[in-house]
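Please look over the sequence and structure first.

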Amino acid sequence: MATILSVNAGSSSLKISLFRRSPVTLELTCGISNITAPPAQLTWNGATESVGGATIRDHASAFAYFLSRLPDPSSVQCICHRVVHGGDYTAPVVIDLAAYGRIAALSDLAPLHNGAALSVISACIEKLPHAKSIAYFDSVFHCTIPRHIAAYAIDQSIATKRGLRKYGFHGLSYSFILRATAHFLQRPASSLNLIILHLGSGASACAIHHGQSLDTSMGLTPLSGLPGATRSGTVDPSLIFHYTNTAGRITHDPSAKVDLHVTEAEEILNKQSGWKAITGTTDFGRVVRGARVRVQGKPEEAGESEGEEDSCTLAFDLFVDRILDFVGAYHLKLGAAVDALVFSGGIGEKSKELREVVCARVRCLGYAKVDPAKNAELGEGVVVDIGVEGEGKGEREKRVLVCRTDEQVCVVTSVSFTVALDADKPTA
């Protein structure tokens, strides 16, 4: 039986799905978490266990451990790798030495993910030399973003030479959500205008115009845009210099400055910020439970006492505020002709409180009112409508949906994958 592996390397996790090739059928799921903070946790077809000792030290050893549990590694014909940053690639690519080098050169632009993906790619080439490795890039989906939206207001000769522009990410997820939503609405994907919120420990927003990415919140790197569990999201670029100076306050005194290397700045903004920096936890569920969630209320005045409740409320309100920034902007860019606001990602799919607050705030734009019962219990289906029927107003319905995204399925079922795999077939 010919099989396909779909591999998704996170900053400290590895998700692997095994599919039968024809017809495409899911056979096995595996998740390995806590790779950088042992003991690692292994989830194999839903059953979880700890992996003790030094068996799993990094992503390469995590993949080797997966292979040791796989009944027939020789059946694997193709390995599909999710790679966050693809630079100028506009399609998936079969990984050879040249492609590997280009992906490696982009690692500094996606420090939490590209390095991990390369580690697994190397392990695949070593352990499964007979199998073809193909990279699927999150950034490819956004290659339709117009130049004036992708460009930064800097010297364009330098920007072009160094590839300094908005790339966007979470593209595999957005591709799946677009197709799933089109199927749910029984409309061609090319006819849809959507605002999609991919909300998780890494969060982003995307405006879809006639089935193509018009704009997205992440930029040159995944750091830009919405805050995340440990990412700051968009901040004033000069903040990092004031954050690290020795004066303990905002100052331009040369004697207070410190030598700040790019890697140190990225470490602070990528790994030491976000709601963990505010609350002490990366678990957004804990943030919600500790916050005073106000559906219609305005942010409270300054001067509240410090404490867990206040820090959780600040993190929750801040996240909502930044989400509303992008929803409002994209609503205007789409000329108010929006078919649906779609929530997805771990937080978007699980946090009924966040959905309730965001949807209450966008009612003024004509989006459907949330049905409390539907929002509390999503029910079955890849896409679920949580709005009150007939509530959306305007040229388009402005429905409110939740989509259970699946990047692994999107990779395996892509047409480009089939073409790449079939390229090695002998001709008649």
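## Helices H11 and H13

In this predicted model, helices H11 and H13 are oblique to each other, because their axes pack at an angle of about 45°. Those axes lie 10 Å apart, and the crossing is right-handed. On the H11 side the contact is made by Phe316, Phe319, Val320, Ile323 and Leu324. H13 contributes Glu353, Leu354, Val357, Val358 and Arg361. By class, this contact has eight nonpolar and two charged residues, with no polar ones.

H11 itself covers residues 308-333, a run of 26 residues. From its first C-alpha to its last it reaches 38 Å, close to the 38 Å expected at 1.5 Å a residue. Just after H11, Gly335 has a positive phi of about 65°. H13 covers residues 352-361.

## Helices H2 and H3

Helix H2 spans residues 97-105 and helix H3 spans residues 114-127. Their axes come within 9 Å and cross at roughly 155°. An angle over 145 degrees counts as roughly antiparallel, and H2 and H3 are therefore roughly antiparallel to each other. Their crossing is left-handed.

Tyr100, Ile103 and Ala104 of H2 meet Asn114, Leu118, Ile121 and Ser122 of H3. Sorted by class, the contact holds five nonpolar and two polar residues, and no charged ones.

## Helices H1 and H3

H3 also packs with helix H1, which is made of residues 59-69. The angle is about 45° and the axes are 8 Å apart; H1 and H3 are therefore oblique to each other. H1 passes H3 in a right-handed crossing.

From H1, the residues in this contact are His59, Ala60, Phe63, Ala64 and Leu67. They meet Ala116, Ser119, Val120, Ala123, Cys124 and Lys127 in H3. The classes here are eight nonpolar, two polar and one charged. An α-helix has 3.6 residues a turn, so residues three or four places apart point the same way.

## Confidence in the model

The mean pLDDT of the protein chain is 87. Of its residues, 88% reach 70 or more.

Where pLDDT is low, the predicted coordinates should not be read in detail.

Note on methods
Residues numbered from 1 in each chain as written. Predicted model: local features only at pLDDT ≥ 70, side-chain atom pairs only at ≥ 80, totals over all residues. Heavy atoms only, no water. Helix = DSSP H or I, 4+ residues; strand = E, 2+ residues; numbered from the N terminus. Expected span 1.5 Å × (residues − 1). Axes fitted to C-alpha atoms, helices over the stretch in contact; angles between N-to-C directions. Parallel < 35°, antiparallel > 145°, perpendicular 65-115°, else oblique. Left-handed = near helix turned anticlockwise from the far one by under 90°. Contact = heavy atoms within 4.5 Å. Nonpolar A, V, L, I, M, F, W, Y, C, P; charged D, E, K, R; others polar. pLDDT = per-residue confidence, 0-100.
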